[in-house]
Amino acid sequence: MKIDKDMGSILGPELEINGDVKASGSLLIYGTVNGNINSQGSVKTAKGSTVKGDIIARDTHICGSVDGDLIIKDKITLGNESDLSGNLKSSILVIEEGAKFDGVCNMEKTSQ
């Protein structure tokens, strides 16, 4: 996974958060979050990461495990090693070969 130069916050692999996370910028997760994530920017989960909660963001790239709903304004990418158990809502969806997805997808028109 390529790291954005404007990635605001990084949660390292040794970090476990029990509670909701709010970020005004983008967020890169290597560790574990047991709670909902709300970001004004993008949320990326790395291989081996775990999120047990909903993710609300502008866009997201999932490479780890997510047990919760994704409510994304622009684009969702489910990477080839992602495991999503939950519903997703977005205007653009990319599912790479090998991704696991168990839920309902709701596609919305982009707001231009």
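Colleague: How do strand β9 and strand β12 pair?
Modeller: In this predicted model, strand β9 (residues 55-57) and strand β12 (residues 70-72) are paired in the parallel sense, with three bridges between them.

Colleague: Okay, new topic. What is the strand order in the sheet that holds β7 and β10?
Modeller: That open sheet runs β1-β4-β7-β10-β13-β16, six strands with parallel pairing. Here β1 (9-11) and β16 are the edge strands; each has a single partner strand, so one side of each is left without a neighbour in the sheet. Neighbouring strands are turned by 10° against each other on average, direction ignored.

Colleague: Can we walk across it? How many bridges join β7 to β10?
Modeller: Four bridges join strand β7 (residues 42-45) to strand β10 (residues 59-62), and the two run parallel. Along that pairing, Lys 44 is opposite His 61 in β10.

Colleague: What about the step from β10 to β13?
Modeller: That pairing is also in the parallel sense, with three bridges between β10 and strand β13 (residues 75-78). Thr 60 stands opposite Ile 76 in β13, and Ile 62 has Leu 78 as its bridge partner there.

Colleague: And how many bridges does β13 make to β16?
Modeller: Four, and those strands run parallel too. Thr 77 is a handy landmark: its bridge partner in β16 is Val 94.

Colleague: Is Thr 77 buried or exposed?
Modeller: Thr 77, which lies in strand β13, is buried because its relative accessible area is 9%, below the 20% limit for that label.

Colleague: Which residues is Thr 77 in contact with?
Modeller: Setting aside neighbours within four places in sequence, Thr 77 is in contact with Thr 60, His 61, Ile 62, Val 94 and Glu 96.

Colleague: Let's hop over to Leu 93. Where is Leu 93?
Modeller: Leu 93 is in strand β16 (residues 92-95). With 24% relative accessibility, Leu 93 counts as partly exposed.

Colleague: What does Leu 93 touch?
Modeller: Not counting residues up to four places away in sequence, Leu 93 touches Ile 76, Leu 88, Cys 105 and Met 107. If you want a sense of distance, Leu 93 and Glu 16 are 28 Å apart in space, C-alpha to C-alpha, and 77 residues apart in sequence.

Colleague: Last topic, the inside. Which residues touch the most other members of the largest nonpolar core?
Modeller: Those are Ile 29, Ile 37, Ile 55 and Leu 70, in a core of 18 residues. At least two residues of this core come from each of β4 (27-29), β9, β12 and β13.

Colleague: And what does Ile 29 touch?
Modeller: Leaving out residues up to four places away in sequence, Ile 29 touches Leu 11, Ile 37, Val 43, Lys 44, Thr 45, Ala 46, Ser 49 and Val 51.

Methods: Residues are numbered from 1 along each chain as its sequence is written. This is a predicted model: local features need pLDDT of at least 70, side-chain atom pairs count only at pLDDT 80 or more; totals for chains, interfaces and linings use all residues. Side-chain values use heavy atoms; hydrogens and water are left out. Two strands pair if DSSP finds at least two bridges between them. Buried means under 20% relative accessible area, exposed over 50%, partly exposed in between (1.4 Å probe, protein chains only). Contact means heavy atoms within 4.5 Å. A nonpolar core is a set of buried Ala, Val, Leu, Ile, Met, Phe, Trp, Tyr and Cys residues joined through side-chain atoms within 4.5 Å. Axes are lines fitted to C-alpha atoms, for helices over the stretch in contact, and angles run from 0 to 180 degrees between N-to-C directions.
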